[in-house]
Amino acid sequence: MIFALDIGTRKVAGILGEQSGGRLRIADCFVTEHKKRAMLDGQIHSIEDVSETVNRVKNALESRNNVKLKKVSTALAGRSLHTEKADFEAVFKGEITGETLSYVEIEAVKAAYRKIPDDKKSDYCCVGYSPVYYEVDKQAIKNPRQHQAKASIKTEVIATFLPRPVFESVLQVMKNCSLEIDGITLEPIAALHVTIPEDMRLLNLALVDVGAGTADIAITNNGRIAAYGMIPKAGDEVTEEICRKFITDFHSAEKLKKNAAEGMSYTLPDIFGSTREITYDDFREAVSEAAGQAAGEIADCIMELNNGRPQAVVMAGGGSGLLVLRELIADKLALPRNRVGVRLPASILNVDNIPPELSGNDGITPLGILACSADGKNIGFVGVTLNGRKEFIINLNDRITVKDVVLSSGIELKKLYGKPGNAVTVKVNGEIKIIRGKMPEHSKILVNGEPKELEDTVQK
């Protein structure tokens, strides 16, 4: 059973699923909202409050399914996203297996990691990657699995990196909930995995996953994933504009936005207790400026990533239900409005038993996280116990060293080295005596009980 968790700005969705015969079956899901605005723009601001919400999801699924959940797959929003492309070619003869593909992909990701400037390498960690193309014996192959190679196999990947504090805040939430991260990816990678299958990637498409705090963007063309991007503008900007225009609270504004997205009017209370009937036209007029700004930034990002307008824009996420936003994106890109549309979970052909909670446009990302985990399309971790505490290490160098583990845990290297003892001056029988301090004894480093140095390997 796979446990997938989507920690969004507004909601947390947990799914239990299993893979059988190439298809995913949803066993159960639980979706709940944060009690407070513990996240802004897709990033955790209150670890304690987010941990409380995740625990509610975990406890509900454990209770309803009589299971104990220990491992989880999740995804991160692309705030402060850094991407690199790199390739790797291996000398290889024989049948290409899944293990062979994983090897060349990870080596390409390592090459992408090495492109990050040395002074920034320690600040970033890889949170996902997508193969761009494969070659077998210098010939392009869409899926090399089970092909016979006579000389070589090659791949190019686009690897995505985020600042370590972004990842570490999610890791701390999981630790608070007694969960071990089994794999992680980027939200647009997860959404792309289920909304735009490989056959559709021949088209030049832009995927826009509009959440509450961020709009994550991915570009496909000529059968490849060409680029990823993100803007920190999404559904919350529209909700906040409703609050300002109608002098109402955030929760009521969210309800109005949901009803307006479905073309329904809504009786909106203001902060003084008065109510007003808000029609769709009232709503559209009130939010047109905020939606226009978000649409403009989304369109600009698409144009930059794609070097021009795409053939169509595929929308996903809760914010994609806003018709006004879709229409404005189409206008900004000079596309026909019917070329900007929504793909719902029902269009995902290899997922069975999708529950009502995940059937809307905001169900795409959690289902994508589940699918990425089932298909092995995420970044794994190495668990290392340091001083009795489990640490999870992301490392894309050729090997994981003692130093990597120490730095990842937050221990400063200088604390491993003692300082010479201070001299003591005393007077004995009227005579000054100096007792010199002794040389320090440095910290002892043991790996599986054996003495090691900082540069020694923990795991290859």
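A: A residue is called buried under 20% relative accessible area, exposed over 50% and partly exposed in between, with a 1.4 Å probe and protein chains only. Both Tyr113 and Phe161 are buried. The model is predicted, so local features need pLDDT of at least 70 and side-chain atom pairs pLDDT 80 or more, while totals for chains, interfaces and linings use all residues. Residues are numbered from 1 along each chain as its sequence is written, and side-chain values use heavy atoms, with hydrogens and water left out.

Q: How many aromatic pairs does the structure hold?

A: Rings of Phe, Tyr and Trp (its six-membered ring) pair if their centres lie within 6.5 Å; planes under 30 degrees apart are stacked, over 60 edge-to-face, and the rest tilted. The structure holds 3 such pairs. One of them, Tyr113 with Phe161, is tilted, at 6.1 Å centre to centre and 40 degrees between the planes. Tyr113 belongs to helix α2 and Phe161 to strand β12 (residues 152-163), so this pair links parts of the chain 48 residues apart. Helices (H or I, at least four residues) and strands (E, at least two) are DSSP runs, numbered from the N terminus.

Q: What surrounds Glu105 in contact terms?

A: Contact means heavy atoms within 4.5 Å. Glu105 is located in helix α2 (residues 98-114). Not counting residues up to four places away in sequence, Glu105 touches Tyr129, Pro131, Tyr134, Thr155, Val157 and Lys377. Glu105 counts as buried because its relative accessibility is 5%.

Q: In what order do the strands of the open sheet stand?

A: Two strands pair if DSSP finds at least two bridges between them. The open sheet has 6 strands in the order β13-β6-β1-β2-β3-β21, with mixed pairing. β13 (180-186) and β21 (351-352) stand at the edges, each with a single partner strand, so one side of each has no neighbour in the sheet. Strand β3 (residues 23-33) runs parallel to β21, joined by 2 bridges. Arg25 has Asp352 in β21 as its bridge partner.
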